[in-house]
Amino acid sequence: MSTSTVYKGSCFCGAVQFTVTGKPAMQGYCHCESCRTWAAAPANAFTLWDPKSVSVTQGSDNIASFNKTANSERCWCKVCGGHLFSRHPSMELTDVYAAVIPDFPFKPGMHVHYQEATLHIYDGLAKLRDLPKEAGGSGELIAE
């Protein structure tokens, strides 16, 4: 019997529902141009999970996706347009947007791609130029 915690999420209209199980590999805020444009926001709150921990439980036929680059496959609901998650094959992780898993206790640990920030956030969290080393980045910190 598994003791892992399961969190439920869905798109804006509920046509697509999914679960995430356990704990994410990382969580924080992304400031890259692609995430800002995709989210229509100055930053995107992310939770990165092992793809095996993310399970679509309803409406998989309502999921559409788009690849602007080979780094990300962005997925959304075809019914309402609500964003769901992005698959990052090079990192072997799936980014489930924190806002679509309402009961998940989001505890950001970093800001990534902070050199692209349009909104500077002074919260004491690590500000990385790109990504942590374990996610394929330089791990270089920049000033808040």
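1. Disulfides. This predicted model holds 0 disulfides. The cysteines worth checking are Cys-30, Cys-32 and Cys-35. For Cys-32, the closest cysteine sulfur is that of Cys-30, at 3.6 Å, which is too far for a bond. For Cys-35, the closest cysteine sulfur belongs to Cys-32, and at 3.7 Å that pair is also too far apart for a bond. The cut-off applied is 2.5 Å between sulfur atoms.

2. Exposure of these cysteines. Cys-32 is buried, with a relative accessible area of 12%. Cys-35 counts as buried too, at 7% relative accessibility. Both fall in this class because buried is set at under 20% relative accessible area.

3. His-31. This residue lies in the loop between strand S3 (26-30) and helix H1 (33-39). His-31 is buried, and its relative accessible area is 0%. Its side chain makes a polar contact, at 2.8 Å, with the side chain of His-111.

4. Surroundings of His-31. With neighbours within four places in sequence left aside, the residues in contact with His-31 include Arg-36, Pro-42 and Ala-43. A further group of its contacts includes His-111, Val-112, His-113 and Tyr-114. Glu-116, Ala-117, Leu-119 and Ile-121 are also in contact with His-31.

5. The three-stranded sheet. S1, S2 and S5, in that order, form an open sheet with antiparallel pairing. Strand S1 (6-10) and strand S5 (54-58) are at the edges and have a single partner strand each, so one side of each is left without a neighbour in the sheet. From one strand to the next, the twist averages 30°. Strand S2 (residues 17-21) pairs with S5 over 4 bridges, in the antiparallel sense. Gln-17 has Gln-58 in S5 as its bridge partner.

6. As background, strands of a sheet pair through backbone hydrogen bonds, either parallel or antiparallel.

7. Strand S6 (residues 63-69) and strand S7 (residues 72-77) are joined by a hairpin through 2 residues. The two strands pair in the antiparallel sense over 5 bridges, and Ser-65 has Cys-75 in S7 as its bridge partner. S8 and S9 are likewise antiparallel, with 4 bridges between them. In this pair, Phe-85 stands opposite Val-96 of S9.

8. The largest core. The largest nonpolar core has 19 residues. Those with the most contacts inside it are Phe-18, Val-20, Trp-49, Leu-84, Val-96 and Ile-101. S2, S7, strand S8 (83-88) and strand S9 (93-97) each give two or more residues to this core. A second, separate core has 11 residues, among them Met-26, Cys-30, Val-112 and Leu-128.

9. Val-96. What does Val-96 contact, leaving aside its neighbours within four places in sequence? Its contacts include the core residues Phe-18, Val-20, Trp-49, Leu-84 and Ile-101. Val-96 is also in contact with Phe-46, Thr-47, Val-54 and Phe-85.

Methods
Residues are numbered from 1 along each chain as its sequence is written. This is a predicted model: local features need pLDDT of at least 70, side-chain atom pairs count only at pLDDT 80 or more; totals for chains, interfaces and linings use all residues. Side-chain values use heavy atoms; hydrogens and water are left out. Two strands pair if DSSP finds at least two bridges between them. Axes are lines fitted to C-alpha atoms, for helices over the stretch in contact, and angles run from 0 to 180 degrees between N-to-C directions. A nonpolar core is a set of buried Ala, Val, Leu, Ile, Met, Phe, Trp, Tyr and Cys residues joined through side-chain atoms within 4.5 Å. Buried means under 20% relative accessible area, exposed over 50%, partly exposed in between (1.4 Å probe, protein chains only). Contact means heavy atoms within 4.5 Å. A polar contact is a pair of N or O atoms within 3.5 Å; within protein, one must be able to donate a hydrogen and the other to accept it, and residues adjacent in sequence count only if both atoms are side-chain atoms.
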